[in-house]
Amino acid sequence: HFGSSFCPKQIGWPSQALSNSASRFTYRSEAMGQSCQKASADKTYEPRAGGGTSAGAGAGMGGDKFNNIVMMTDSYKVTHHLQYPPGTTRVYSYFESRGGEYKDVCFFGLQYFLKKYLVGPVVTKEKIDEAEAYFKIHFSHPTWGYDEKLFNRASWEYIANKLKGMLPIEIKAVPEGTVVPYKNVLFTLENTDDKCYWLTNYLETLLVQLWYPTTVCTQSREQKKIIVKFLQETGCQDVIDSGLHLFKLHDFGFRGVSSVESAATGGAGHLVNFMGTDTMAALMCCKEYYGEAASGFSIPASEHSTMTSWGKEKEVDAMRNMLEKYPKGLVACVSDSYDIYKACEEYWGTELKKMIESRDGVLVVRPDSGELPKIVLDVLSKLESKFGSEKTSTGHKKLPPCIRVIQGDGIDIKSLEMILGAMKDAGWAADNLAFGSGGALLQQLHRDTQKCAFKCSNAVIAGENVDVVKDPVTDPGKKSKKGRLTLEKGSDGILTTVTEGKGNADKDELKTVFLNGKLMIDQTFADIRARSNA
């Protein structure tokens with residue numbers, strides 16, 4: 001698994017021990033395989049109530065083997081039940097954006113993780129057996145063997161048997177779509193059964209992945225603010241009033257993300273702010289986990305393969321075909337396969353001009369190469385030379401309603417603002433252009449974009465309530481919050497975290513969304529969108 005460069009000596013495995021452990025390792029590998037095969041053969045998995053599915057559900061090789069809550073954690077957390085102080089019965093932790101690039105955080109994605117992974121009887125004997133088989137190999141050492149105490153099997157069996165597989169935790173969170181200033185609590189998590197104090201931070205690994213849809217949603221919202229600003233400044237308030245600004249940043253990101261799940265949750269985060277997407281997984285996420293059947297929309301559009309397959313000499317025929325096959329409505333056509341300037345002036349602007357002008361709809365011309373912002377300004381100028389333009393109330397030029405442009409190459413939040421600024425300075429209205437964004441929208445961000453973290457702030461030890469804090473002398477920015485937390489709105493309307501149990505529960509914006517295996521609040525996508533715009 002490690003390749004030819006792997007050297008056991010580098011991690012403390014003496015070479016003389018390797019031969020002694022070979023038979024033991026082979027036996028455990030075979031045993032794990034038999035255990036997994038038996039679990040797959042003996043159990044039929046059905047969808048869970050609440051929108052999620054239990055482990056093994058779904059098509060593919062052996063079902064969804066990744067959906068085993070016992071294993072959905074960092075390896076070292078498997079051993080942490082032995083490390084808490086004696087007498088620990090409760091652990092209380094919280095999730096926040098400790099800072100980052102954007103001061104306003106739009107919270108999104110928790111309900112997906114709850115429904116998919118936590119709701120219902122998610123702990124079973126089969127999952128415990130499967131996890132233990134992995135751990136016996138994973139934590140094995142050729143000299144010291146395997147320590148049976150490392151895996152907290154008895155506690156997991158307690159959840160499976162006594163608690164009927166339901167996780168004994170309470171999660172309180174700000175409603176999704178709420179815009180919260182960074183450096184504030186977004187959700188808290190606490191065990192509700194004294195025997196399961198270790199479970200709170202065992203779930204950190206899974207739930208901190210909430211950083212991703214929240215960060216996508218946050219950055220997408222910032223881009224919407226930029227687009228709205230330039231629409232207003234160039235005389236396009238009517239676009240905003242009609243809601244068409246929600247189609248000005250289209251999600252092209254499905255192919256550029258690391259997984260289908262990333263496309264689903266990140267794409268859904270973008271749809272909190274906009275309504276244009278080509279990421280089908282996002283539509284499925286919004287429908288299955290947020291009850292929204294029509295969260296995003298798209299239009300017929302060409303790609304280079306459908307255009308270049310006609311050949312260079314017949315490019316104009318390929319373009320004509322687009323107009324004929326889609327005689328009405330919006331249609332987008334990539335136009336830089338050979339010569340974007342010739343395409344704008346000779347093909348769209350001359351040979352096909354009458355078809356475009358008489359057509360019941362809008363042609364959207366897509367350049368897909370060239371230096372930014374020059375290529376956008378050049379395309380707009382070439383099209384204006386053939387189709388003309390009109391003036392907005394601010395004196396900015398706008399192409400006739402039959403034709404628009406979309407720029408989908410090289411778009412991130414910085415280039416988007418730069419292009420709109422250049423258009424404004426050159427006398428062009430923002431409504432002439434829409435954007436498509438792929439990797440930058442869904443992939444070019446990480447957990448530290450908003451410095452997301454999950455930390456313990458309170459515990460009950462030997463019956464005593466103990467406030468907990470992390471305060472490293474080497475990085476004051478990583479100091480954690482202390483005690484039990486509330487998120488309260490001040491007289492100025494700004495949300496602020498109150499620490500050390502000093503908050504007013506009646507003013508707390510954090511609401512119980514999950515309790516002992518049950519989803520307590522089922523939030524709709526429409527409500528989430530409304531909150532993000534509040």
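**Salt bridges, a charged patch and a buried leucine**

L485 is found in the loop between β14 (464–467) and β15 (486–489), where helices (H or I, at least four residues) and strands (E, at least two) are DSSP runs numbered from the N terminus. This is a predicted model, in which local features need pLDDT of at least 70 and side-chain atom pairs count only at pLDDT 80 or more, while totals for chains, interfaces and linings use all residues. Residues are numbered from 1 along each chain as its sequence is written, and side-chain values use heavy atoms, with hydrogens and water left out.

Q: Is L485 buried or exposed?
A: Buried means under 20% relative accessible area, exposed over 50%, and partly exposed in between (1.4 Å probe, protein chains only). L485 has a relative accessibility of 5%, so L485 counts as buried.

Q: Which residues is L485 in contact with, leaving aside its neighbours within four places in sequence?
A: Contact means heavy atoms within 4.5 Å. One of the partners is D508, 23 residues along the chain from L485, with 8.9 Å between the two C-alpha atoms.

Q: What percentage of the contacts in the chain with a separation of 6 or more comes from residues 24 or more positions apart?
A: The setting is a chain with 18 helices and 18 strands, and buried residues make up 52% of its 534 residues. Among contacts with a separation of 6 or more, the share from residues 24 or more positions apart is 75%.

Q: How many residues apart are R90 and D194, which form a salt bridge?
A: A salt bridge is a side-chain nitrogen of Lys or Arg within 4 Å of a carboxyl oxygen of Asp or Glu, and the closest N and O atoms of R90 and D194 are 2.9 Å apart. R90 sits in strand β1 (residues 88–97) and D194 in the loop between β5 (185–191) and α5 (199–202), so the pair links distant parts of the chain. R90 is partly exposed at 24% relative accessible area, and D194 is partly exposed at 40%.

Q: Which helix holds both D129 and K125?
A: Their side chains meet in a salt bridge of 2.7 Å, N to O. D129 is partly exposed at 22% relative accessible area, whereas K125 is exposed at 54%. The two residues are four apart, about one turn of the helix, and both lie in α3 (residues 125–138).

Q: Which two helices are linked by the salt bridge of K424 and E233?
A: The side chains of K424 and E233 meet at 2.8 Å, N to O. The pair is 191 residues apart and links distant parts of the chain, with K424 in α16 (residues 413–425) and E233 in α7 (residues 211–233). K424 is partly exposed at 29%, and E233 also has 29% relative accessibility. The helices asked for are α16 and α7.

Q: Which residues do salt bridges that share partners join into one network?
A: The structure holds 25 salt bridges. The pair D129 and K125 is one of the salt bridges, and both residues belong to the network. Its members are K125, D129, E132, R153 and E157.
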